[in-house]
Each structure stands twice: as C-alpha cells, then as structure tokens.
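Let's take a walk through a protein model together, one region at a time. Keep the picture beside you and find each residue as it comes up.

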Amino acid sequence: LGIQEIQADQEMIGKISAAGQLMQCSASLDVLFLLDGSYSIGKGSFERSKHFAGKLCDALDIRPDRVRVGLIQFSSTPHLEFPLDSCLTKQEVKERIRRIVFRGGSTETGRALKYILRKGFPGGRNSSVSEVLIIISDGKSQGSTAMPVMQVKERHITVFAVGIKFPRWEELHMLASEPTEQHVLFAGDADDAANGLYSTLTGSVCSATAPGCKVESHPCERRTLETVKELAGNYVCWKGSKQPHAVRASLCPFYRWKRVLIKHPSRCFRTVCPEPCDSQPCQNGGTCVPEGLNKYHCLCPVGYGGDIHCAPKLSLECGVDLLFLMDSSAGVTLEGFLRYKAFLKRFLQAVMGRDSPMNVGVAQYDNDVRIPIKVGQHKDAFSFMKSIDALNFSGGGTLTGRALRYVAQHGFRSTPVFADVQDDLPRVVVLLTDSKSQDPVAEAAKYAKDQDLFLIGVGSSFVRAELAEITGNPKQTIVYSDPQDLFNRIPELQRRICSVDNPEGCQAQSLDLAFAVDASAGVGLENFLQLRDFVRSSRLHFSINRDVTQIALVVYGSKPHTAFALDTHTSNSALLQAIDQVPFLGGSASAGSALLHIYGDVMTVQKGARPGVNKVVVVLTNGGGMEDAAAPAQQLRDNGVLVFVVVIGDAQRGTLLRVAGSPNYLVHISSYEDLQYYQDLIIERICEEAKSPVNLCKPNPCMNQGVCVLGPGSYRCECHGWEGPHCESRVLRGDSPRSAVLPPHSHVQRSSSGVQHFSRAPRHTKRR
C-alpha cells in the first residue's frame, strides 16, 4: 500500500532519493530518538523502525563535537537504551541501535514526553546546542499528549514525528513542530525521510546545502488504514413481546467492520540538487548515468565510445564504393525519412574517418531517382553531414525497381581513363525502405547484380519478404523491430558491407542439394505447407545456377514424386514458383522408397548431378515411415551423398540415427512452429559439408554400368557396349562413334590411346 506518495514525476522522485542518500548534516546538534516499542507497533514494524533510525544516522555527522545521538524506547514506560554521550562514532550508534530488544506494552507517548521534560536529553549538552527529538511511532497513543508535547516545544526542542506501519497522521501532526508539513515524515522510505529531515534543518541548524541545491515544495498524499463501521442492511429479526409466550418479527439493522484507506493531503519539502547529467554531457545519443552528485558515466550506442562522452569509433576499414539508396516516397512518411537521415548521420559518424578507404554517396527515390551526394564526393564526416541535412522529403510513389535499375546504370563512376587510376573497389548498394514497391523488383535486382553490385536491404519486418527477394539472400537483409532498433543495427550493417568479398553460407560453394519432404497423411496438409515454406526460405541461402548450387525437390507418401530435378531450374525466382506448386500427396509414408528414388533417379548424371561436386540430401519428416530408410541412406553415403535428417515431433531416435548415420546429421525439433529457428543451424551444417573433399567417382558418373576409374585429379569411364564421356551412347554395328557430350563440370583430355579422361571441374565463385 502507498502510505505516502509525493506527486511528482519519476525523474524528480529519483533526484529526491539520490539527494537523500548523499546528505550529511554537520552541526553542533543533540538528536534523541523516541522509539515506539508498544504492541500496536509489533515486533516486525519495530525492527523496521530500528532500520530507519540507523539509515537516518547516515545523514548525520556523528562525532563528539558535532552530532550526538541517544535513544529512548517507550511503551507502557520509557526506557533509556543509550544516552547521547555514550557513543562517539556513527558505527557505534548503529551497532547500539541494532542490539535494541523489542519490549512491548501499551502506547504511552505522553508519559515518554514527561520523562524527557523531567530528565532532559540524557547525556546531552543542555541548551548550549540545538536539540532535536525524533518520535518514531504509529501515533496511536493511549493517553493524552497535548500538554506534554506543548511543554517540550516551549523548551525550543525541535520535534519530528515519523510515521511507521499504518500511522494515525492527525496525532503525528499534533506532535510535530510548526510548520507541521516540514516536520512530519514517513519511515517507509528512508532516503526520502533523510531528505525531509535535512531540508528542514538546513539553514537553521545544518550547514548550507551543496551549490545549486534548493528546497522545493511538492504536493503529497499520506494515507492510513482505519477500521470503520458500515451499515450492511436491515434484516428480519425476532423480538420479544409484553404478552407472555409471544414473539414478533421485526427489521433490525446489521453492521459490518471494514478496513479503508483514509487520505490526508499535505505538502512535502525536499531538497533537489542538480545532477551531472542535467548538462547532457553524452553525445551521439549516449545515455548519461549519474553516480552521486558530481560523477557520471555514458552508455554509448553501438558504433560509439571513442571517449567517455561517446565520440565516434572509426571501425569500417574495408575499401568499398558505397551508395545508400534512400526511400523518400509517401509510403515511408516524413517521420520515416527523417529517421533515415539520422541513421545515415550516425552511421557515418561511426565509420567515416579522415583516412577511410571507402567512398560513400546517397541517392533518393520516389517516382524519380536523384543522386544528390555522389559516391566519393565527401572525404570527411562533417561536410557529409551538412549535405545530408540538406536532403528534402519529396513524397510520391514507391518505384523501388526503377530506382535499382537507375543506380546500377548511373550510381557509380565509370571506368577511369588513366591506367594508373585504381577503380576496382567492390560496389555496394544499401537500400533503406519501409514501403512496399509499386513496381516489380525481381528483374531490376537481377539486373543490378549482373552489373556486379552487392545489394543489402535495410527495412522493417513489413518489407522483409521484398527485401529478401531483392537481395536474394536473407544474410544480406537487415530487419529492425522499432525505430531505436534501426540504430542498433549499425555494427551488423558494417559487417555486411565488409563481407562483400567474403560471401557467407554457401554462396560461393558448388553443391548438388536434394530435399526429400514427407507429404503423407501423418504429416497433414497444414504441417506440409510449413515444410514447404522451409524449403522455400532455405533456397535464399544459396546462389542458384548451374555453376554453383543446384536444388532438387522430392515429395513422398507411399510413393515418391520428383517435383523438379537438379538441372530443372537455374534461378531463385524459377525455384520459388516451382516450390509453390508442389502438391500434398497424403497416404502412408515410405522414406526408404524416397531415398532409393533419389539414389537412382535424382543424384545421377542423367538428371543433372555434376561429377566433382558435393551432394547432400535433406529429409524433412515427422519420423513416420523411416523403418525402411536405413539401408537406402547407407547406399547414398557409400556413394558420397550426405544424408541429413530433420525430424519434427516425437520419433524413435535409434531408427533416425541409423538413417542419418551420425548425430551430427540429425536435428530433432519439437514443433513445426520451431522449424524456422533451426534453419541457420541446418544451412550451416550443409555449407560445412559443401567444403569437404570430393571423390570424383562417387556417386558413379558413368552411365549404363560403366566403371569409373580414378586418376590423379581426374577420372575416366570404361564402357561396355556404350560410348561417350559417360557411356551415354549405345554402340551400333556400322555406326561411326558418336561425339562426346560433356557435362558442364567436366573437361576432356584425350590420351594417345584414345581413352577419355575427365578432371574435376574447378569450384566456381560468383561475386554478388
């Protein structure tokens, strides 16, 4: 329950509390605590009173020649716990307070005041120094206090009344010195009470406050818990009658006792000191954290922290030609456009130094495209900032596709005329948008990539799918959740820009990849669609073409069905359309027949498999129908094809382990909803496999029972009744030998004996 509430904002409450923790009253002063130890307080609240008295001592400069402290516990009778001259240090006073034992009894506050009138301040310095009496009580005295407290005040003793537990504020106000608002405190918040005590004594007793500190008045509300009598209603009761042996019915009032909070509006006087953070010393969006009244430290945003005030850290050391393509259409709104400008300024402050090896420019687009800041126009952050400040919001339509084509053609400098001028830096376009394009983006993005541009997309989750379509790779897409999160993505953007020559994932690795997706009734249509979406999003991690990655998809129920072979589609966009058309089959599941089908009809040279390229099969299943899959999986492994099993839900681990061949190639996921969170792990494992050495004869590249013979860095096919590089053409009597047709990854070397040899094709990389 909020027994006392100062009506101010949280920042002001924090300042009051901070000042209360740091204040020290240093003066010639005798302080006597009058501690209520009656049964109405109880042992628990008594311990809290002791704790409060100890905390209040922290605000007093306790020394024999400065502040002296004594304590009397009162209940039915007053008891001197220790006089003012018995403790010489603050530690001694706090230790004596800690050892005080609860006595119990009635609340005789008047008798305790009379004891002080008779005995004075025990061990005190009489009237030669100021005297302060601090009464800590719930204010529920069982005797009259009016006369003795008036006599105490007449002796020029300053009386503070501090409420504990659920205080009776009316009596505490009567006990306190005038003005009562400045002499009534609450023990529930020790820092606030210490501030209130210090604020009242400042000027009259205690030394002046620190420079800049001042006492302020705030409205506050104090509450107490009272038991009140409340009419519950009138109910039928039976009453006696004057006539013998007769009763009569009547209505009788019934009452109940109810506990309610009674409010007491007041004013609280507290000292507030200027904090070191009030001058806003932290730059570049840093957060100032005060440490006392005159110290602070800055929590710096990412990209900053070059000094204690969050100066920029110059950390982008890669050499690139960098163009920011900023959406200034009506879709992002003026607020979004200004956010992008602030983001650009913070990014450049963080990464652009005098000797920075990168060249940066800015383009804007809506219906039209403009390049107000050409790449390399500015070499220092200050002049760049001024140019960014001059950018204006234009509104209009969102033609992202057109903008991508334009910057691909005009965004970067042309090839230099002079041979000694170096202009071979990677070219990077960072798209900043939060609005879906009103024109097609796929072809425009492909055109930009064909011009050797590296595309990075930055936007909110609203445009995640479109950014992935533009970049072709989720690793090159940066999605932020809220405006502040955008600024937190600066280090990630730095890494993406500097990874232009070091593609992540499998972008630069040759790989033949087949997905085997369980489309049986055991999985169900809804879950099948989630498996299909997994394949759909996984494709974005690979560079799809005949030189780098080829993907095949097989769905299976009781029988397998090839949705498309390895060499069917040569682009991500074509794969996307094909995946969306893959049907749900239903029926029972047979993973074994699917793996046999992949072995004999998918991972073959006839269907596009390339000799000298790593091969992986990823099985997506709920674990049903795996009993017959161990032998076909082993057959695939024996022929150099890795089998990776991803199982969703409960399944027999032993059976699955036999299919996967190793725990490293088995991923168990609890639910279909969690599948997306394991995608990076699965892709990472596949990419690791794509880098391992390859046996050129596994799987066998020779068709029609041809025998593959390994040579040093090459292989050859020995054919029987067939001819051609891979024994693909039948030899007919009278026919002349047919010319050899080679797959893309093979190179023919004819020896003097006429035997055809094939060397492993080099791994192809393509810069994006």
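Start by finding Ile 136. Leaving aside residues up to four places away in sequence, Ile 136 touches Phe 33, Leu 34, Leu 35, Asp 36, Ser 49, Phe 52, Ala 53, Val 162 and Ile 164. Bear in mind as you look that this is a predicted model.

At Trp 169, the charged end of Arg 222 sits over the ring, 5.3 Å from its centre. At Tyr 255, the charged end of Lys 229 does so, 4.4 Å from the ring centre.

Next, look for the open sheet of six strands, whose order is 14-13-12-15-16-17 with mixed pairing. Strand 14 (369-373) and strand 17 (477-480) are the edge strands, and each of them pairs on one side only. From one strand to the next, the twist averages 20°. What holds neighbours in a sheet together? Strands of a sheet pair through backbone hydrogen bonds, either parallel or antiparallel.

You can find both kinds here. Strand 15 (residues 427-432) and strand 16 (residues 453-460) run parallel and are joined by six bridges; Leu 432 has Val 458 in strand 16 as its bridge partner. Strand 13 (residues 359-365) and strand 14, on the other hand, pair in the antiparallel sense over three bridges. In that pairing, Gln 364 stands opposite Arg 370 in strand 14. Strands 13 and 14 form a hairpin, with three residues between them.

In helix 12 (residues 464-471), the buried residues are Glu 466, Leu 467, Ala 468, Ile 470 and Thr 471. They pack against helix 10 (400-410), strand 15, helix 11 (442-450), strand 16 and strand 17. Just after helix 12 comes Gly 472, which takes a positive phi of about 80°. Helix 14 (residues 490-498) has Ile 490, Glu 492, Leu 493, Gln 494, Arg 496 and Ile 497 buried. The partners of those residues are strand 12, helix 8, strand 15, strand 16, strand 17 and helix 13 (483-488).

Our last stop is the aromatic rings. The structure holds 10 aromatic pairs. One of them is formed by Phe 324 and Phe 347, and it is edge-to-face because the planes of the rings stand at 75°, with their centres 5.5 Å apart. This pair links distant parts of the chain, since Phe 324 lies in strand 12 (residues 321-327) and Phe 347 in helix 8 (residues 333-351), 23 residues apart. Are these two residues buried or exposed? Phe 324 is buried, with a relative accessible area of 0%, and Phe 347 is buried with a value of 0% as well. Finally, ring pairs link Phe 324, Phe 343, Phe 347 and Phe 487 into a cluster.

Methods:
Residues are numbered from 1 along each chain as its sequence is written. This is a predicted model: local features need pLDDT of at least 70, side-chain atom pairs count only at pLDDT 80 or more; totals for chains, interfaces and linings use all residues. Side-chain values use heavy atoms; hydrogens and water are left out. Rings of Phe, Tyr and Trp (its six-membered ring) pair if their centres lie within 6.5 Å; planes under 30 degrees apart count as stacked, over 60 as edge-to-face and the rest as tilted. Helices (H or I, at least four residues) and strands (E, at least two) are DSSP runs, numbered from the N terminus. Buried means under 20% relative accessible area, exposed over 50%, partly exposed in between (1.4 Å probe, protein chains only). A charge sits over a ring if NZ of Lys or CZ of Arg is within 6 Å of the ring centre and within 35 degrees of the ring normal. Two strands pair if DSSP finds at least two bridges between them. Axes are lines fitted to C-alpha atoms, for helices over the stretch in contact, and angles run from 0 to 180 degrees between N-to-C directions. Contact means heavy atoms within 4.5 Å.
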